[in-house]
Amino acid sequence: MMKTHAPIIPHFDALLHGGDYNPDQWQHRPDIIQEDYRLQKLAGCNAFSVGIFAWTSYEPADGQYEFDWLDRTLDGLAAQGSRVFLATPSGGKPAWMSRKYPEIRRVAENGLRDTHKRRHNHCQSSPVYREKIAAINERLAERYAHHRALGGWHISNEYSGSCYCDGCLGAFRRWLEERYGSLDQLNRAWWTEFWSHRFTDFAEIDPRDESIDCLALDWKRFTTWITCDFMQHEIAAVRQHSDLPVTTNLMGYFDGLDYYRLAELCDFISDDNYPEWNGPDKAHIIQSVAMTHDQHRSMKQKPFVLIESTPSNTNWQSCMHHKRPGIHRLQMLQAIGHGADGAMYFQWRKGQGGFEKFHGAVVDHEGSENSRVFREVAEVGASLKQIAAARGGHVDAPAAIIYDWDARWGFELSAGPISGPKKQYVATCQAFHRPLWAGSVPVDVIESTACFDGYRLIIAPQLFMLKPGVADAMKRFVKAGGTLLMTTLSGIVNENNSCFLGGWPGDGLRELFGVWVEETDEFNDHHPVSMTFAAGNRLGLTGDFAMNANIDCVHAESAEVLATFKDGFYAGQPSFTVKESGKGRAYYLAGRCGEDALTAIVESICREAGVASCIPEKLPPGVVAQLRENESGRFYFLQNTTEQAQELQLAHAYVDLIAGDATGSVVQMPPMGSLVLKAKSD
Ligand code: GLA
Ligand code: ZN
């Protein structure tokens, strides 16, 4: 039996439920704050992020601090047994600070300094801003380190963006100097003879020049680095007095930062997740959320927290669509199923004014517990208590998908080898995740430099860039018995975004896969291309499938051909190949294909690799399961992702933890229903 992971908040053995709580906005209404405590109990809430945008309340004037309101808040929350992630306030700076120290405001790409507005827009290299944030963070830590409500630190909020002030540009050039050692090496790595770009001084380098795509790539890497540096600076101030866990809220597949690097600074991962539920294909939405959770669990191979989600709607998406009945419950239990030990909201209560006054919240302007949304939240609160034994459960994934920010950036910043809109890096990773998810196969989402040990199957969709060591790790993985599936648009550049010479896939993968990709062709609907499986192929696949977006013209040099293209000047050439190596095998899929083909391919490869569903029962299509295991047992989380009722046939004995009794051999799931079953044999 698996061991139980330690709780997110030390010694607080509960699934976290709560959200962003802004009593700083309600200090003139003590009656409402009292009412909050009553409602929080009713909603089964036990954890709150406090003070995220409270800098003006913490420090109303330069060097003048006011903590009485926060003392009262933490005391009030502690009195009802709740815990607090206390936020450092760097996400929103006070107006007095912007006015007194203009240099804390960012300089935009056009060279103009921002006015004081909005949030998430401080200059990360500004010495004054760093001094101010260290001062407030240290005071907060000193005052509350041993407060019984304190559970951890919410560092800043949704770090993002860059600044083009002289300080930041100077920091970029110093970072480059350290990365490359000399201008000569930089010029070589960046291929700067191109368009007469050879630099003779680091001062000539400007990140706004996208013609040298490695320069643009390095600016993204630098942005990650300076964000991490700023975050470390914030954490160091907190660490003067407190060693409780720190986190910063991530935003899924946000393009602006390499979250794997931020993850290294976090004690636990937390994520903000706002699926757009108005889409027609609910299963697709649920699956894309599932993959995000899989990534957050995989980042530290331990439980994470869904720290922000909306209990109803958002006020910034294309459609202010309310979650339909059942969806909220499904979304929260799904997060726990994928490895979260907490499901929390933005926001506890709607403010009366400001940009987010119409954003969904647990408590509406009406103010009581009588709303539909409040009732649904309270039901989730009650359910989380009923399934509390699943806390700390591990997810043991036999398969992994590689999602890599560097590879994505290198791909997206290169003009080619297919056109920008067709690149679809995230969507392609999601497309490979989908059949695994639909088959209830636990899957990790990892970066290309992660450890491959322990997986039976690794899928590398469009892994454009091979960083040093990745190709070798793939070879070792396959030789030791692993199954590797790699696709078109992989193995094309090195970490400097420079193309490999000598044929793709590069860095030795031509030999591992036994293929040489000579050309990549992009096409549209006027030039449909399909592939057909070879008779008697080892996977037993049959039929023709449409390709979309692009294909590779491949020479099977030492690979076995499993399928070929039917159209174009490449008709008859390989579209899907395999090569055995040591105890394993390396599959190459030479084009992007639709869900039908991917499902057939991934399912058959899983069968061959011994990668199976986490639940022994065969589930009806559209019903998926996740498994978490800990010292107290095996917990299955099931979601019916269809709009029809579904009937489950259970061959084994389970207890329905939320209904509180043993299930029969037939269980009905309503449309969008969810269940948490504990295996009875435990
Ligand atoms: C983000 C922020 C929150 C809030 C929500 C609204 O996730 O972190 O402060 O603005 O969006 O959806
Ligand atoms: Zn700056």
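Predicted model: local features only at pLDDT ≥ 70, side-chain atom pairs only at ≥ 80, totals over all residues.
Residues are numbered from 1 along each chain as its sequence is written, chains are lettered from A and ligands numbered from 1 in the order written, and side-chain values use heavy atoms, without hydrogens and water. Local features need pLDDT of at least 70 and side-chain atom pairs pLDDT 80 or more, while totals for chains, interfaces and linings use all residues.

**Stop 1: the zinc ion**

Select ligand 2, the zinc ion, with its donors Cys123, Cys163, Cys165 and Cys168; each SG atom lies 2.2 to 2.4 Å from the ion. Donors are N, O and S atoms within 2.8 Å of the metal (3.2 Å for Na, K and Ca), and water is not among the atoms, so sites may look incomplete. The donor angles run from 99 to 118°, so the arrangement is tetrahedral (four donors, all angles between 85 and 135 degrees).

Now show Cys123 and Cys163, both buried (under 20% relative accessible area, 1.4 Å probe, protein chains only).

**Stop 2: Thr247**

Next select Thr247 in strand E5, residues 246-247 (strands are DSSP runs of at least two residues, helices of at least four, numbered from the N terminus). Thr247 has a relative accessible area of 0%, so it is buried. A polar atom of the Thr247 side chain lies 2.7 Å from the backbone oxygen of Phe268.

**Stop 3: Ala389**

Finally, go to Ala389, in the loop between helix H12 (372-386) and strand E10 (399-402). Ala389 is partly exposed because its relative accessibility is 39% (partly exposed lies between buried, under 20%, and exposed, over 50%). Beyond four places in sequence, Ala389 touches Asn630, Ser632 and Phe635 (contact means heavy atoms within 4.5 Å).

Definitions and conventions
Tetrahedral: all angles 85-135°; square planar, octahedral: opposite > 155°, others 65-115°. Polar contact = N/O pair within 3.5 Å; in protein donor to acceptor, adjacent residues only side chain to side chain.
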